[in-house]
There are 4 protein chains.
Amino acid sequence: MAPFIPKNPDFAARVRDSFNRQGAMVHIGARMTRIEPGFVDITVDYRPELSQQHGYFHGGIVGMIADSAGGYAAFSLMPADASVLTVEYKINLLAPSDGNRLVARGRVTKPGRTLSVCHVDVFVERDGREHLCATLLQTLMTMTGKSDGLASDKKAS
Amino acid sequence: MAPFIPKNPDFAARVRDSFNRQGAMVHIGARMTRIEPGFVDITVDYRPELSQQHGYFHGGIVGMIADSAGGYAAFSLMPADASVLTVEYKINLLAPSDGNRLVARGRVTKPGRTLSVCHVDVFVERDGREHLCATLLQTLMTMTGKSDGLASDKKAS
Amino acid sequence: MAPFIPKNPDFAARVRDSFNRQGAMVHIGARMTRIEPGFVDITVDYRPELSQQHGYFHGGIVGMIADSAGGYAAFSLMPADASVLTVEYKINLLAPSDGNRLVARGRVTKPGRTLSVCHVDVFVERDGREHLCATLLQTLMTMTGKSDGLASDKKAS
Amino acid sequence: MAPFIPKNPDFAARVRDSFNRQGAMVHIGARMTRIEPGFVDITVDYRPELSQQHGYFHGGIVGMIADSAGGYAAFSLMPADASVLTVEYKINLLAPSDGNRLVARGRVTKPGRTLSVCHVDVFVERDGREHLCATLLQTLMTMTGKSDGLASDKKAS
């Protein structure tokens with residue numbers, strides 16, 4: 001497959017900047033560990049606050065970083081004046097997320113002017129090895145002319 | 001539609017107990033606001049830690065409480081010795097989650113011995129009214145003979 | 001829920017006309033049994049040519065009429081110069097499609113200028129009663145200014 | 001990725017035999033063009049009976065062969081006394097299916113004792129080249145001890 005050519009040469013700074021403004025990603029301790037045109041990884045280390053009732057990573061955390069990894073993979077290919085919106089996604093949880101770290105690896109399958117489609121695989125690190133624990137298929141929308149910043153009524157004055 | 005008959009008369013205590021052991025739900029401040037056979041609501045109030053880059057509720061939070069509401073709706077109909085597992089779900093984000101409170105309303109569409117299917121609608125409260133902001137379709141699995149508690153290697157000694 | 005107001009007063013003729021030009025729907029013997037703003041039903045009678053290996057309706061037939069019912073439900077609310085496109089759908093097969101007739105009932109959950117979201121329930125008639133056998137959640141796109149007719153290179157000269 | 005080891009040495013004959021008993025697949029002229037452990041391709045040539053209103057392949061046909069390709073990929077890894085059931089799938093239609101042939105390429109992502117997960121990519125051949133036109137993510141169930149043949153009440157006497 002041919003590599004993707006980003007429309008915005010500053011895509012990496014723009015992706016990182018948007019990610020850093022997501023309070024929810026900061027709150028769970030997620031960090032962006034890869035930013036390339038069409039490819040974004042998001043990683044989070046285990047903490048008891050991220051658990052479900054058996055003590056593994058909560059499926060909601062898995063879905064949250066998978067959705068973000070795909071969303072930012074799509075965003076990396078969008079023009080400089082655009083914003084990204086998740087239209088929908090489907091996720092299959094393949095195995096218990098039992099381990100000390102989660103990595104969601106998002107890739108663009110089909111970039112489009114209005115809609116993009118991404119696949120994301122999520123791996124859990126356990127005993128020094130990565131195990132596939134979830135896979136996601138997602139539709140994203142390019143919001144042209146929409147700032148990626150805070151809505152005006154959410155800004156501190 | 002006929003009301004559902006729970007297999008476990010203590011279903012409400014069992015659902016609430018399992019929910020309370022989910023560190024991730026506590027961490028985001030979610031609470032269970034309805035528990036009936038086949039129906040569970042989960043509510044979370046807005047905090048900046050739950051936001052995405054525009055200041056609205058993060059889609060990951062929407063997905064997380066929707067998945068849990070459907071999962072516990074299915075769990076409410078399962079036998080006393082069973083545990084519940086999310087196999088997969090698909091969620092459509094219908095409108096920005098702009099408001100002061102989210103409510104995910106889960107209902108069982110098809111209970112089954114092995115697999116159950118649920119629908120969940122998520123509403124955001126804004127200006128005293130509920131607005132539909134997401135809808136989810138989900139497959140759950142009954143894990144018979146599997147404790148709902150901590151995995152043995154996750155227990156404090 | 002408030003009833004939907006169609007943008008095109010001739011929506012019913014337009015929906016029926018588009019449906020009749022779908023060779024695949026004719027080929028399987030499907031017919032449109034309800035056309036209202038935001039609601040479309042598609043019905044197909046059992047024939048051995050529509051079976052899977054156990055002799056029931058093939059899941060592909062279930063998916064095909066469900067996708068069409070949702071697509072035309074969305075199309076019924078679109079402007080007169082627009083065409084409809086299925087972006088994606090997810091379908092859960094809930095029970096064997098064992099019976100003499102299938103009815104897919106599509107309804108619009110969220111109409112939108114660019115994207116619409118529909119739910120569809122599919123019922124199989126057996127012993128004079130309808131049984132829910134599948135449920136679908138779907139995203140559709142409005143293609144403005146795109147004719148609903150044959151692509152120019154597909155027309156007979 | 002390690003190759004899959006089939007549990008049933010006669011998997012290819014079993015897959016082909018089941019496929020040939022699907023009236024719906026015969027009806028649309030589909031054929032199986034690859035059978036390997038965990039991988040199945042299904043191909044169908046263009047005919048006007050398989051079209052939607054623009055003259056391209058109908059999305060329902062795309063979904064139908066994609067579902068079957070994934071289902072038989074999963075079935076190829078199942079024990080000799082098992083039958084396969086599609087639990088659910090999600091499909092994204094990525095581009096118009098404009099061409100003279102469709103090929104659905106199914107592969108098993110996660111085989112399981114009870115549930116398996118497959119990915120399927122669908123390509124349309126146009127001007128001698130394959131173009132990706134759809135992608136599917138699917139959950140299948142192993143039905144142990146259930147014959148793959150006709151239900152007893154569907155057999156000719």
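Reader: Before we start, how do you know which features to trust and how to read the labels?

Author: This is a predicted model, in which local features need pLDDT of at least 70 and side-chain atom pairs count only at pLDDT 80 or more, while totals for chains, interfaces and linings use all residues. Residues are numbered from 1 along each chain as its sequence is written, and chains are lettered from A and ligands numbered from 1 in the order in which they are written.

Reader: Happy with that. What makes C:Thr144 exposed or buried?

Author: C:Thr144 has 12 other C-beta atoms within 10 Å. A residue is buried if 20 or more other C-beta atoms lie within 10 Å of its own, exposed if 12 or fewer, and partly exposed in between, with C-beta atoms placed from the backbone. C:Thr144 is therefore exposed. This residue lies in strand β6 (residues 129–144) of chain C; strands are DSSP runs of E with at least two residues, helices are runs of H or I with at least four, and both are numbered from the N terminus.

Reader: And what is C:Thr144 in contact with, leaving aside its neighbours within four places in sequence?

Author: Its partners are C:Asp81 and C:Ala82. Two residues are in contact if their C-beta atoms, placed from the backbone, lie within 7 Å. As for C:Ile61, which is 83 residues from C:Thr144 along the chain, the two C-alpha atoms are separated by 29 Å.

Reader: Why is β3(D) called largely enclosed?

Author: Of the 12 residues of β3(D), 10 are buried, so the strand is largely enclosed by the rest of the structure. Helix α3(B) is mostly covered too, with 17 of its 17 residues buried.

Reader: What makes β3(C) and β3(D) a pair?

Author: Two strands pair if DSSP finds at least two bridges between them. β3(C) and β3(D) have 5 bridges and run antiparallel, so by that definition they pair. Along them, C:Tyr89 is the bridge partner of D:Ile91, and C:Glu88 stands opposite D:Asn92. Within chain C, 11 bridges link β3(C) to β6(C), again antiparallel, and there C:Tyr89 faces C:Gln138. Chain D has 11 bridges between β3(D) and β6(D), with D:Lys90 partnered by D:Leu137.

Reader: Which strand pairs with β6(C) over 12 bridges?

Author: That is β5 (residues 115–126) of chain C, in the antiparallel sense; C:Val117 stands opposite C:Thr139. The hairpin of these strands has 2 residues between them, and C:Asp127 takes a positive phi near 55 degrees.

Reader: How do you know how α3(A) and α3(B) are oriented to each other?

Author: Axes are lines fitted to C-alpha atoms, for helices over the stretch in contact, and angles run from 0 to 180 degrees between N-to-C directions. On that scale the two helices, each residues 59–75, pack at about 145 degrees with axes 9 Å apart. The contact includes A:Gly63 and A:Met64 of α3(A) and B:Gly63 and B:Met64 of α3(B). Its residues divide into 2 nonpolar, 8 polar and 2 charged, where Ala, Val, Leu, Ile, Met, Phe, Trp, Tyr, Cys and Pro count as nonpolar, Asp, Glu, Lys and Arg as charged, and the others, Gly among them, as polar.

Reader: Lastly, how many residues of chain C are in contact with chain D?

Author: There are 34, and they meet 34 residues of chain D. β3(C) gives the most to that side of chain C, with 8 residues. By class, the chain C side has 11 nonpolar, 16 polar and 7 charged residues.
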